[in-house]
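This report describes selected features of one structure, shown below. Please keep the structure in view while reading.

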Amino acid sequence: MKRDARTIVLTLLRCLKLQCPACGDDSVFVRPFNVKARCTACEVIFKREEGFFVGAIMANVVATEVMILIVYFSCLLFTNFDERITLTILFVVGVSCPLAFYHHSWSLWLGLDHLIEGLPRKEK
Ligand SMILES: [Zn+2]
């Protein structure tokens, strides 16, 4: 698979739009929080073996931890909130960030796999 800078940027943009990383013509999700089995346009397989999406879950956890740190240090540096308010804000971020980043983490994980080894196609 060709991996020049244009292909990498195009693939990552498709991932941000939650589209198929291979063709960009179909959504990765059939409905919220549910990955399609394969792309209906180019037939690459999205749903892989058990454990394939552990990396997506890890990316989601890391993104959440980074967001919590950013919000925490922002509260420390730019506000004089009581620690109860700060902890409440951090709790809300800790609960909402994994939900908000869920689809993008799975889409980005598929995109990285596509860039590294190419997504497998449906066998006929
Ligand atoms: Zn496709």
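Apart from neighbours within four places in sequence, Asp113 is in contact with Arg48, Phe52, Gly118 and Leu119, contact meaning heavy atoms within 4.5 Å. The model is predicted, so local features need pLDDT of at least 70 and side-chain atom pairs count only at pLDDT 80 or more, while totals for chains, interfaces and linings use all residues. Residues are numbered from 1 along each chain as its sequence is written, and side-chain values use heavy atoms, with hydrogens and water left out.

Asp113 is found in helix α3; helices (H or I, at least four residues) and strands (E, at least two) are DSSP runs numbered from the N terminus. Asp113 is buried, with a relative accessible area of 10%; buried means under 20% relative accessible area, exposed over 50% and partly exposed in between, with a 1.4 Å probe and protein chains only.

The structure holds four salt bridges, each a side-chain nitrogen of Lys or Arg within 4 Å of a carboxyl oxygen of Asp or Glu. Among them are the following.

| Pair | Closest N to O distance |
|---|---|
| Lys36 and Asp26 | 2.6 Å |

Lys36 lies in the loop between β2 and α2 and Asp26 in the loop between α1 and β1, so this pair ties together parts 10 residues apart in sequence. Both Lys36 and Asp26 are buried.

Glu117 is exposed, at 53% relative accessible area. Through shared partners, salt bridges join Arg48, Asp113 and Glu117 into one network.

## Helix packing

The axes of helix α1 (residues 5-16) and helix α3 (residues 83-117) come within 8 Å and cross at roughly 155°. These two helices are therefore roughly antiparallel to each other, a term for angles over 145 degrees. The contact residues include Thr7, Ile8 and Leu12 of α1 and His104, Leu108 and Leu115 of α3. The residues of this contact divide into six nonpolar, six polar and one charged; Ala, Val, Leu, Ile, Met, Phe, Trp, Tyr, Cys and Pro count as nonpolar, Asp, Glu, Lys and Arg as charged, and the others, Gly among them, as polar.

Terms used
Axes are lines fitted to C-alpha atoms, for helices over the stretch in contact, and angles run from 0 to 180 degrees between N-to-C directions. Angles under 35 degrees count as roughly parallel, over 145 as roughly antiparallel, 65 to 115 as roughly perpendicular and the rest as oblique.
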